[in-house]
Amino acid sequence: LILTNDGEFANLMMHPKNEIDKVYLAKVEGIATGKEVKELENGVVVDGNVLSSSRVKIKKINKEKEESFIELTIHEGKNHQVKKMLESVKLPVIKLTRERIAFLTVDKLKSGEYRKLSNKEVSQLYVLTTKK
């Protein structure tokens with residue numbers, strides 16, 4: 001989550017044309033297969049829109065609990081997009097975490113913690129949005 005009062009910056013970060021990676025880790029019900037991965041990468045219809053993920057990886061499968069952990073990278077950010085995409089391939093989400101936006105990760109932050117971006121990080125994010 002990036003919190004800002006700079007509307008132009010927020011729009012640059014969220015607009016799909018800028019292809020800023022938003023990486024999510026989803027714990028889902030069911031055993032994910034290559035079939036679902038391909039469907040998610042090729043695009044699924046959700047609420048009349050075709051939504052796709054630029055990358056999908058099965059990170060872990062727990063056969064005993066019949067759960068999978070899937071990493072999805074998207075460029076859009078429609079309301080509940082990742083949840084709806086996974087549900088469309090019959091993999092309901094149990095837990096969903098955004099792991100990364102561009103190069104910013106949650107690695108050293110505990111749940112509920114936050115930090116300010118450095119001026120250098122903000123500059124690097126602006127550069128990413130002007131590359132396309």
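A residue is called buried under 20% relative accessible area, exposed over 50% and partly exposed in between, using a 1.4 Å probe and protein chains only. The model is predicted, so local features require pLDDT of at least 70 and side-chain atom pairs count only at pLDDT 80 or more, whereas totals for chains, interfaces and linings use all residues. Residues are numbered from 1 along each chain as its sequence is written, and side-chain values use heavy atoms, with hydrogens and water left out.

**Backbone**

- Lys 90 counts as exposed because its relative accessibility is 68%.
- Lys 90 lies in the loop between H3 and S6, and its phi is positive, near 65 degrees, although the residue is not glycine.
- Asp 47, in the loop between S2 and strand S3 (49-51), likewise has a positive phi, of about 55 degrees, without being a glycine.
- Asp 47 is exposed, at 61% relative accessibility.
- Most residues other than glycine have a negative phi.

**Nonpolar cores**

- A nonpolar core is a set of buried Ala, Val, Leu, Ile, Met, Phe, Trp, Tyr and Cys residues joined through side-chain atoms within 4.5 Å.
- The largest such core has 19 residues, of which Val 28, Leu 40, Ile 70, Leu 72 and Leu 86 touch the most other members.
- At least two residues of this core come from each of strand S1 (22-29), helix H2 (34-42), strand S2 (44-46), strand S5 (67-74) and helix H3 (81-88); helices (H or I, at least four residues) and strands (E, at least two) are DSSP runs numbered from the N terminus.
- A second, separate core of seven residues includes Phe 9, Met 13, Ile 20 and Ala 102.

**Helix H4**

- The buried residues of helix H4 (residues 119-129) are Glu 121, Leu 125 and Thr 129.
- These residues lie on the same side of H4, because they cover an arc of only 80 degrees around the axis, the arc being that of the directions from the helix axis to the C-beta atoms.
- The buried residues of H4 pack against H1 and strand S7 (104-105), where contact means heavy atoms within 4.5 Å.
- Exposed residues Asn 119 and Lys 120 are carried on the face of H4 turned away from its buried side.
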